[in-house]
Amino acid sequence: MQAEKIAIVDIEATGANFAEGDRMIQLAAIIIENGSIVAEHSMLLNPEMDIPTHICHLTGITQEQVEGAPTFEKVASLWENRLRDCIFVAHNLAFDYSFLQQSFELYHIDWQPKAMIDTLTLAKIIFPMASGYTVSDLATLLEIPLDNAHDALCDARTTAYILDQMSRHYQLLTCETKGLLARLSEYLRKDESVFFNNYQAFQIAGNTYHEQKMPKQLVQPHKQNQALAPWLIEQYLQVDEAKRFVRVANAAMPIDLFLLVEVVQQLKEPAILVTSQPLQVAKEPFVEWQSSTAFLNRNMLNALQETADDCALNQTEIGQLMALTIWAEKTQTGLFKELNNENQPVALFEKIKTTPKKDDYFYQRYLRRLKAAKVIVAQYFQFNQILKWLTKQQNSQRHYHLLIDNQQHLLQQLSYMDTTTVPISEYFTILQSFIDYRQYIKNGMDTSSFVKTLMSLQKQINQLLQRLLEILSERFPAESKQQVEELVVLSANDVEMLKTTIGNILQPLYKLVAKWGNRNVKGIHFSEFYDGLETIFYKPSFQGEIILSAMHFNDHFYQLKLEKRPITLNLQHLHSIASLKGILLLQQGHFTNQLYEVPQSKAWTTIQLPSLYVAKQTMYVPLGYLPEMIEIQPGVVSISQEKAILQMIEFIQEQQSILHQRLLILTPNKQAVERTYQLLTTKGIKERYKIYAEGIHGKLKRAIRNFQEEDVSIIIVSQSSFGNEWLPITPQETDVLIQSLPFTHPDYIEAQRIGHYRQWTDMEIFNHYLLDKMKDDFMTLIQSMNQRVQVKDFYLFDERLYTKYYSNDCRLFFEQWLNFEIID
């Protein structure tokens, strides 16, 4: 193997599709032999076509440069000779190899490498914890210089050194692990097994091992928060511990979450911080709350390794198994969160045909860290787990302060914790499957009393499903082009209509509970089914709305569920925990009417934050490019919304002289992301800007990474994704274009609930709920933007602040922090 030639190849082309006429504009290769780079080849090629502007920006290769270069036809024989008898290596092999092979075939040259290796496949296996797998990502991870990304020779050289480092990292694994990986690699589609069996041949003499440098995105402390935290701690601790239920209010901007980060770090006693979004914070003194399922069960991995031949794993799953094998040898925590999303093993472990013995080694190590942690960080969906854990800690000497970043989210979570849910469609499907199975094994009709009762129950559930489908079809008559969840609060008439059918279901259920109380069918516990329906429809003490939810795609509804969410909240979840030294709660928002009834079993002390200096920002409103009306509809892009997108694009086309090289476009929903991208790419803007969009170019994290790598680029993100994922966008100055104010649609389930509970008209829902929610959402969006983006200029493409439909109070509210400037 040492005598083999290895060619690391990279190409740049006019586009990604050879069949549609795209051609190479640069071809480069690094030749390695006996551990040394023996040759570097690079050549510009004339594609005999115009190079798209965004490709010129991406590669730095101009039309003038290639016009004097040879066509590939003239140099094809030269390159065939250079690459003959080589092991062909490329990053994302499918693109480079396919393009090169088709180019050779076009001129009737027979070329076939000895073996083909994809460094992208290798990287996902050998660096399972990497944040990304582009050449740029890996160069950063391994601290390999990348002076000129998207230059073919530079990329090929960098890929050669990445390959060298992969070999050196692989070399440090145990012999047992290397043997297992070599065996598994035989199942990979290409010839990556050549690497795993002969990894030393891919090392470059004179190079050394580079440790992985995992990126850290730490929160930068804000000076005002650092100054305000000691004052807030002093006010909080002055309250008597027995009555230390403290609400922090602010009449101005939403309270910065990172004020609480400062508070917990300056508190001398241990604390639990509950947040709306994950925090990018230093490891110490913070420990994130994790459940046992977040940790590796080594017995599961061993079982999968031993039975891989029998599990019918596909190519992706083989790669995931190999990556997990390497990670399991190196990890200190066993926490799946360490892994890149592409290597998450949940679906892979489902392939195991037997259940291995439980292994909680990593989880027990984590619990020891948790009990000693100064600050535990959790999110709201973990709140119930936190409370149960605190209850178990009541006899210990370690008591905690509980800090919560959003009162509204807390109340919502308390409501979820007492919500009763019955998955109607799921129960129907399980019963149907069980009955069919019983009929099959009995060769006809199973006449047992148990099965007869089940058949009666299933018949009544089917009738209930038909009635629920009628309600959904009436409420959502239009087809949905994407899979969306629909929720509707049932009216009093709907509930009364359904009670007869529910009563017919409860009869066979009661019989099943009374006669076969301990028996269940594939997870359906009949007593829970009975109690759930009785609670939802017949217990008046359980005050709240009945909600029907379903997934909607085309004209079909499925996964129907019924649930009841309480309006009156049970604060005993908080008050019964003796191990709490106090609760500090941020009262975010300006809602004049709360959705929940909160019993005042203990008085809350309110601390008003002092007024802080906030520098006003200018927000430009280009009235000459605004539609007369914008109607945002869930799940679709309305006609008026499409007009608004087109007028925003017209603004970008005509005002390039005032816009900067980086644009962030925020859309009201993910459907608008896709439509904005489609319209932008057909309007010629892609000739100047490289355009990326959430969902179209992978998940948001990947789209942001691509956006950051370009000098002239646009990224399109939905407002909800921007708010939910704490990802820094870019350190460079960026113009932010906001398509519309973040109004919540009246079909939003919380709007339905509050309207139903308060008996409000549509206009009252708007004035007392939706308008206040928009104010809070918009200011939170601006605050989040300033924390994550180096904003140069804001542009708002929504004139509704200036229409008579909205009161001056709304605009005056925003003008505490924003200067609105109208431009033509």
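Helices α5 (residues 119-126) and α13 come within 7 Å of each other, axis to axis, and they cross at roughly 40 degrees. An angle under 35 degrees would count as roughly parallel, so this pair is oblique instead. Keep in mind as you look around that this is a predicted model. On the α5 side the contact is made by K124, I125 and I126, and on the α13 side by G319, M322, A323, I326 and K330. Sort those residues by class and you get five nonpolar, one polar and two charged.

The axes of α12 (residues 298-306) and α13 (residues 315-330) come within 11 Å, with a crossing angle of roughly 135 degrees. Roughly antiparallel would take an angle over 145 degrees, so α12 and α13 are oblique to each other. The crossing of α12 past α13 is left-handed.

Now zoom out to the domains. The chain splits into domain 1 (5-202), domain 2 (222-407 + 586-607), domain 3 (420-571) and domain 4 (617-822). How far apart are the centres of domain 1 and domain 2? Taken over C-alpha atoms, they're separated by 41 Å. As for who touches whom, 23 residues of domain 1 are in contact with 19 residues of domain 2. Interface size is often quoted as the accessible area lost when the parts come together. For domain 1 and domain 2, the buried area is about 1,900 Å², and carbon and sulfur atoms give 61% of that.

One more helix pair is worth a visit. The axes of α3 (residues 72-83) and α4 (residues 93-106) come within 10 Å and cross at roughly 120 degrees. The roughly perpendicular range runs from 65 to 115 degrees, so α3 ends up oblique to α4. The handedness of this crossing, α3 past α4, is left-handed. From α3, the residues F72, A76, W79, E80 and L83 meet L100, S103 and F104 of α4. By class, the α3 contact with α4 has six nonpolar residues, one polar and one charged.

Notes:
Residues numbered from 1 in each chain as written. Predicted model: local features only at pLDDT ≥ 70, side-chain atom pairs only at ≥ 80, totals over all residues. Heavy atoms only, no water. Axes fitted to C-alpha atoms, helices over the stretch in contact; angles between N-to-C directions. Helix = DSSP H or I, 4+ residues; strand = E, 2+ residues; numbered from the N terminus. Left-handed = near helix turned anticlockwise from the far one by under 90°. Domains from an automatic or database assignment. Contact = heavy atoms within 4.5 Å. Buried area = accessible area lost by both parts, 1.4 Å probe. Nonpolar A, V, L, I, M, F, W, Y, C, P; charged D, E, K, R; others polar.
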